[in-house]
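Student: I have the file open and would like to go through it piece by piece. Can we take it residue first, then the bigger parts?
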Amino acid sequence: MNERSEMLEGIRRAIGSRGSDRESDYASIRRGYHQALPIDLPECVHLFVDRLHDYDATVHFCPVEGIAATVAAVLSGRRKHSLLVPPQLPPDWMPSNFEFIRDTGLSYGHIDRSEGVLTGCAIAIAATGTIVLRHSAGEGRRALTLIPDYHLCVVFEHQIVGTVPEGIRLMSEFGRAPITTISGPSATADIEMTRIKGVHGPRTLDVILVA
Amino acid sequence: MSIRVGDAAEAPSFPRAARALLGNTQLRQNVRRATEVIRNRRARVVGELSDWEQLRQAGHEIKQHTLQYLDFYLEQFEEACTRAGGQVHWARDADEANAIILSILGARQAREVIKVKTMTSDEIGLNHALEAAGITPYETDLADLIVQLGDDRPSHIVVPALHRNRMEVRDIFLRKMHLRELGDKPEDLTNAARAYLREKFLRVGVAISGANFAVAETGSVCVVESEGNGRMCVSLPEVLITLVGIEKVIPRFEDLEVFLQTLPRSATGERMNPYNSIWTGIVPGDGPQEFHVVLLDNGRTKVLADTESRETLDCIRCGACLNACPVYRQTGGHAYGSMYSGPIGAILTPQLQSLEHSESLPYASSLCGACYEVCPVKINIPEILLHLRAKVTAAGDAPFEERVGMEAAAFVFEDPDMLALAQKLSRIAQKPFERDGVIRHLPGMLSGWTAFRDLTPIPKQSFREWWNERESQRGDQ
């Protein structure tokens, strides 16, 4: 008998007899918690922005046709000239007087030397101020939004849901795509419980919220 | 079988370790301050949720359901993970898990690995096994790095270096990172860790991680973290090895909606931790192209077999019970002799390894119930502590004086006449030790009891005596 069957056999012995069948036992789990928030989209957006501010993320607002201009303004404010972008970032998000380098398999070293990265996202969760990436061609592979010290992320209002359960439901439809959830810039409180912004992930997170 | 929990089997008993630690005022101050900060933060964000109790209940029921069908869910996870390109290994104990990991590393001729916080790897003594094989493990969680470079032990489940203050961390970093100078502000220390580890993240080809959740339905693994070291480890190297205790499996992806609300709030007092990574097998062109999962038993099946304490395996390692525990807050984590400290450690360690190696742990509690109250999956820790105490006593492993005392007490309490006689005798016997209505010292083998507490003397009249007297006076009227 190998380790696997021995372990499974041991587990079955330890469990002993089971009362009901698995499906109906699972269905009997009481889920009395809230699935959604009793608020409308404008309130949802407001809550999301509030949460982002809590995390010290900076939020900029613009209409759909103003994305490139807002990117330009944010980058000027940050004194940045060149950003990495995922392979299929919409061209009309990129203002002309800045350099944008498409990630077509850049080395980690190259990504590490960059000034930052500009991406979109999959969804966002208002209650926790969370941005969710599924690492599609418009969001880039995982390394792209991890190694740089600066992340500028474009979020559309219609991508925002209220609660974690609503967000998880959408994420469950992402198939085998890897998922990263980001709630503010990386942080630690490991030394004397003092919250320090930025350890290994991007130390600065800017969000452009598109109406 | 070589079931072990780090080197907890050789650790001194809790009272002995605790007595030594109570003398360390710096450590006690650090622990008290840190636990207070997390408790306050937790209380604030938990108070925000009007459905907190429902979330706790759902978490508890999901875990209980999973354990009831654990064999099914493990096989389902294996199948889904394998279909997505992962390789699943089964390890009955610590040695088997270490051997599996070493053989994967051996095939790659790896000399170094980066690690993201995994207490399970501490449990199996992985770092020792790696070092013995000439492989250097780099801990990448800031607190774990402080513990590793300081040649220290973790003292908290979530914040392992909570017993160190900034000056101590600065000294460790200066010495071990070979820096010429370093400030003592948390920012300076964090920046030093960032610079020290970045080169390793970008270079080292193999990572070892733990898992907070393994989803049976999809074969996905979820790692919950704050610093970004978890993301670095699970998405940059070519090879990823994830060590998973068998109790970490959950049935469906949607079950994350409960735990991703309760875990961050309970662990660090945040609505959501900065980063969660969820991945499924291998993704061509993104992240590790070789992915191994090691499913570890190491005593868990034994815990599963005891229906009275099975729910110990519900634990999602949030550490809330440590911060709430009046005993932990005095002693810190080292007294528990295991990486699993505090109330959860007091019930988990003795059950994973054999009870005789940690028989004092079930007594490391005042049974005040604060741990149960904050537990996000409603583990009834006080009840399990009592259950384990009963087991210690039944096995004859309790301290001699206590065992004799308890047996004598049982004999006396069984018989009303015997009890009345014992009360009378005690009243006479206690007289020499009574001062100002309090007993401060008892002789001989009873001295252990009064070493830490004062006793109220047995009253002049017992309830039964009072009752009989009252009845007879009534009869007189």
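Student: Is V85(A) buried or exposed?
Tutor: V85(A) is buried, because 22 other C-beta atoms lie within 10 Å. A residue is called buried if 20 or more other C-beta atoms lie within 10 Å of its own, exposed if 12 or fewer, and partly exposed in between, with C-beta atoms placed from the backbone. This is a predicted model, in which local features need pLDDT of at least 70 and side-chain atom pairs count only at pLDDT 80 or more, while totals for chains, interfaces and linings use all residues. Residues are numbered from 1 along each chain as its sequence is written, and chains are lettered from A and ligands numbered from 1 in the order in which they are written.

Student: Which strand is V85(A) found in?
Tutor: V85(A) belongs to strand β2 (residues 82-85) of chain A. Helices (H or I, at least four residues) and strands (E, at least two) are DSSP runs, numbered from the N terminus.

Student: What is V85(A) in contact with, leaving aside neighbours within four places in sequence?
Tutor: The contacts of V85(A) are M94(A), F100(A), I101(A), R102(A), D103(A) and L118(A), with neighbours within four places in sequence left aside. Two residues are in contact if their C-beta atoms, placed from the backbone, lie within 7 Å. R102(A) is 17 residues from V85(A) in sequence, and the C-alpha to C-alpha separation is 4.9 Å.

Student: Next, E227(B). Where is it?
Tutor: E227(B) sits in the loop between β6 (220-225) and α11 (229-235) of chain B. E227(B) is buried, because 30 other C-beta atoms lie within 10 Å.

Student: What does E227(B) touch?
Tutor: Not counting residues up to four places away in sequence, E227(B) touches S186(A), T188(A), V199(A) and H200(A), plus D141(B) and L142(B). G210(B) is 17 residues from E227(B) in sequence, and their C-alpha atoms are 15 Å apart.

Student: L142(B) is in α8(B), then. How many residues of that helix are buried?
Tutor: Seven of the eight residues of helix α8 (residues 142-149) of chain B are buried. They are L142(B), A143(B), D144(B), L145(B), I146(B), V147(B) and Q148(B).

Student: What do they pack against?
Tutor: The buried residues of α8(B) pack against β10 (187-188) of chain A, and against β3 (136-139), α9 (166-176) and α10 (186-203) of chain B. D151(B) follows α8(B) and has a positive phi, near 50°.

Student: How many residues does each chain put into the A-B contact?
Tutor: Chain B gives 72 residues and chain A gives 57 residues. On the chain B side, 37 are nonpolar, 20 polar and 15 charged. Ala, Val, Leu, Ile, Met, Phe, Trp, Tyr, Cys and Pro count as nonpolar, Asp, Glu, Lys and Arg as charged, and the others, Gly among them, as polar.

Student: Switching to β7(B). How many of its residues are buried?
Tutor: Seven of the seven residues in strand β7 (residues 239-245) of chain B are buried. V239(B), I241(B), L243(B) and G245(B) lie on one side, with L240(B), T242(B) and V244(B) on the other. In a regular strand the side chains alternate between the two faces of the sheet.

Student: Which strands is β7(B) joined to?
Tutor: Strand β4 (residues 206-209) of chain B runs parallel to β7(B) and is joined to it by four bridges, with S209(B) opposite T242(B). Strand β10 (residues 290-296) of chain B is also parallel to β7(B), joined by seven bridges, and there I241(B) is opposite H292(B).

Student: Back to chain A. Which residues of α4(A) are buried?
Tutor: In helix α4 (residues 67-77) of chain A, the buried residues are I67(A), T70(A), V71(A) and L75(A). They are on the same side of α4(A) because they cover an arc of only 130° around the axis, the arc being that of the directions from the helix axis to the C-beta atoms.

Student: What covers them?
Tutor: The cover includes β1 (58-62), β4 (117-119), β7 (150-156) and β12 (204-210) of chain A. The face of α4(A) turned away from the buried side carries the exposed residues A69(A) and G77(A).

Definitions and conventions. Pairing = 2+ DSSP bridges.
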